[in-house]
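Please look over the model below alongside these notes.

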2 protein chains.
Amino acid sequence: MKSTSSGVEAFRPEAALLHGLLRRFGKFGAQTSGGITRLCATPADGEARHFLVTWLKEQGAELRIDAVGNIYGIFNLAGPDAPLVMAGSHLDSQIDAGRLDGTYGVAAACCAAQALLDARRAGASFEANLCIVNWTNEEGARFRPSLLGSGYFAGEHDTDYALSRTDDAGFSIGQALEAIGFRGSDPPPRMPIAYLELHIEQGTLLAERNETIGIVLRNWGAVKLEVAFLGEQAHTGPCPMERRRDALLAASHAVIGIRDLADSFPGALHTSAGRIVVSPNSANVVPARTELSIELRSTDEDILTEATHAARPILLAAAANARTELRVISEKRRRAVTFPIGLAETIEQCAVDCGYSVRRMETVSGHDALSLLNCCPTGLIFVPSIDGLSHNAAEDTDPSDLEAGLNVFTLALSRLCRRGTQAFVNNPN
Amino acid sequence: MKSTSSGVEAFRPEAALLHGLLRRFGKFGAQTSGGITRLCATPADGEARHFLVTWLKEQGAELRIDAVGNIYGIFNLAGPDAPLVMAGSHLDSQIDAGRLDGTYGVAAACCAAQALLDARRAGASFEANLCIVNWTNEEGARFRPSLLGSGYFAGEHDTDYALSRTDDAGFSIGQALEAIGFRGSDPPPRMPIAYLELHIEQGTLLAERNETIGIVLRNWGAVKLEVAFLGEQAHTGPCPMERRRDALLAASHAVIGIRDLADSFPGALHTSAGRIVVSPNSANVVPARTELSIELRSTDEDILTEATHAARPILLAAAANARTELRVISEKRRRAVTFPIGLAETIEQCAVDCGYSVRRMETVSGHDALSLLNCCPTGLIFVPSIDGLSHNAAEDTDPSDLEAGLNVFTLALSRLCRRGTQAFVNNPN
């Protein structure tokens, strides 16, 4: 990082530690493709969690694991009664995904903690303690909904609901966390005065504009629909075509209808159907039941509402087309909201002080930071993604950009922990 | 059964044994739905196989289990060098399927053996021995291709090919048979002089015409296609719609196109896509790869050829529609062939002698008897299916029809075993 004149901000850059931690975390769930498969609460996730816990303990953190497996490591910088600044992300991944998504934010938070501990040993004084966090099931790949651990912390879900979410094999998160030794019983830490998350962009905006640091000011809203089509199991041989009630045929009409819906709002609506579960899923049996996970995302709340209304007749027509019945299993909406400008400006100033180009932007993808928005001033920092690849083994970011993000993140955390809410450039909100 | 005047045909009907065996087999893999899930080489299949083996041994059969797990029980009725008559079907099932599909044929073969053993104890003499058989993986539900065990016996597959077929979790048949103790090493028995199979119709023809016994003279041809669509894994959030290469979208276009293809040949072509495997199958990931199992079936070989040619542009267009690549993994054709009329007439005579109405018909669905057609005179006997339901937990047949089928089947096996090839009404072919 660019050195600053203020003694308050004297800390050692931790680039080597960052790359070392990313290499270590990258071994847990490594695939021959070069990607990572570290689904929530699988053995690979357990290994990554054990590594994190060991590291936190070695650095002297007070460790807590709450009922849904969120891992907190609290570094006492300012005394037991001091306010808390929280920083982190998630270690779980999609199938065959990149090594940076989530992990970068956790590893960078560790590096920042190391830097602040060093500063404290060198005589710096602090107003707030730093809590590193790894949130459970951010991805929503094995268990849905996504952002489960951070949503639990933010009071969106109670313990019973969170622990009873099941994967497609019928295992609950509770059972899965138990199996890897991460179903905890510690109380979560106190509400922080600020939450910061560092993440790769997962889009192409920063790279296209040749900018290094993105400050998120708004997220796209998302509607997540889980629907089922109920048909009738039959033999694909003798059963006459006109008698069939084919649940995969219905889902196929739905997949195409939902894709076409995006064309009604060019560029402003993203739609997808990424997950389908077919029963009995045998080559010679007309499918009896399909379950489909649908997403609609938009930066514009009105468009999202309109698209959600338009989805219903599409799904009903798909069901009717194959003589099946539509069941809506769940419909969840995450609204498009704005991030507090005070904290955003504080981070922006850190980026400028470090000498990096900076851009205010939106996030289309969900992040744990969105859960925390309801609790405290929350900041989300992006670094460029090469070619915008995400949820893909080839996801990557230039090492110098990773270090730039770490430097801005560490400086912002340093200012927050050393000055408390006084660190905000203007108003925290 | 109706008594006949000939002493040669004196045997005790085994209706009580049939219903008892069906009840016992019905417990292995029983579901709360009332259906059966007894996928090939699963523990439930292992239990059913152990029950069969125990029963065969208790009745004094010489037991053989070949390299692919086919179970043979040879009853010595006519001395070790006498020719063999073979009868059986399969104990594996689809997911949540009926209790009669396959099991009825195995249980009825056991009952027929019991009747012939009784007749022998009562002094009857025989020209041929009777071999009861349970074929491995008829269904093709867990492993593809279907008719695997009978195809192996008929020389269509070698041992390595058969044992290396894998399920969707990557387990091979060899591993799965090993796990349930049914990977055998016995040589299969000698080629039989005739093979008989008794099965439920799985259609509505017999019930609609109020007829009791169907004699199959021909099967529908079938083309079984396994294809994959290769797209690109991406985040369903930030990835722009026009950049996506969505493998589930491609498969959806294919499912609909293949369904619509059936309408080009109304009533003469059945099409289906019953199985889809999506990777990574996560709600917030654009699918990278889908694998789809497609079937085309027709009684008319020319239509089947034409439809197979028409399928290719449909699949290519589906792939292109979603910017994905099409890969044809395998294409297998089972031709429409005729059953030998001599054996059919022999069975027909048995039905008439028993006093049942009889109809010559086709089978749309595949049966192990089709594999045996290349080896020896082969007969396939149908009894009515209530409402034509098949591969469905509610599959059923009236108990009196089950008994009627058993009676005709037993009489035909009795004539074949007692008279050898002399039993054929005219020429065996």
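This is a predicted model: local features need pLDDT of at least 70, side-chain atom pairs count only at pLDDT 80 or more; totals for chains, interfaces and linings use all residues.

1. Contact criterion. Two residues are in contact if their C-beta atoms, placed from the backbone, lie within 7 Å. By that criterion, 98% of the interface residues of chain B are also interface residues in chain A, so the copies meet through the same surface.

2. Residues are numbered from 1 along each chain as its sequence is written, while chains are lettered from A and ligands numbered from 1 in the order in which they are written.

3. The chain contact. Chain B gives 51 residues to the contact and chain A gives 50 residues. On the side of chain B that touches chain A, at least two residues each come from strand S8 (234-235), helix H8 (247-261), strand S9 (269-279), strand S10 (285-286) and strand S11 (289-298) of chain B. Helices (H or I, at least four residues) and strands (E, at least two) are DSSP runs, numbered from the N terminus. By class, this side of chain B has 20 nonpolar, 24 polar and 7 charged residues. Ala, Val, Leu, Ile, Met, Phe, Trp, Tyr, Cys and Pro count as nonpolar, Asp, Glu, Lys and Arg as charged, and the others, Gly among them, as polar.

4. Domains. Chain A is assigned domain 1 (7-220 + 337-423) and domain 2 (221-334). The bounds come from an automatic or database domain assignment. The C-alpha centres of the two domains of chain A lie 34 Å apart. Where they touch, 7 residues of domain 1 of chain A meet 10 residues of domain 2 of chain A. The domain 1 side has 4 nonpolar, 1 polar and 2 charged residues.

5. The sheet. In chain A, 4 strands form an open sheet in the order S9-S11-S7-S12, with antiparallel pairing. Strands S9 (269-279) and S12 (325-334) of chain A are the edges, each with a single partner strand, so one side of each has no neighbour in the sheet. The twist averages 15° from one strand to the next. Strand S7 (residues 221-230) of chain A pairs with S12(A) over 9 bridges; Ala228(A) has Arg327(A) as its bridge partner in S12(A). Pairing requires at least two DSSP bridges between two strands.

6. A helix pair. The axes of helix H1 (residues 15-25) and helix H12 (residues 399-419) of chain A come within 10 Å and cross at roughly 115°. Axes are lines fitted to C-alpha atoms, for helices over the stretch in contact, and angles run from 0 to 180 degrees between N-to-C directions. Ala15(A), Leu18(A) and His19(A) of H1(A) meet Pro399(A), Leu402(A), Glu403(A) and Leu406(A) of H12(A).

7. Backbone details. Arg144(A) and Pro145(A) are joined by a cis peptide bond, with omega about 5°. Pro145(A) sits in the loop between strand S4 (129-134) and helix H4 (148-153) of chain A. In chain B, a cis peptide bond joins Ser279(B) and Pro280(B), with omega about 5°. Asn281(A) is not a glycine, yet has a positive phi of about 60°.
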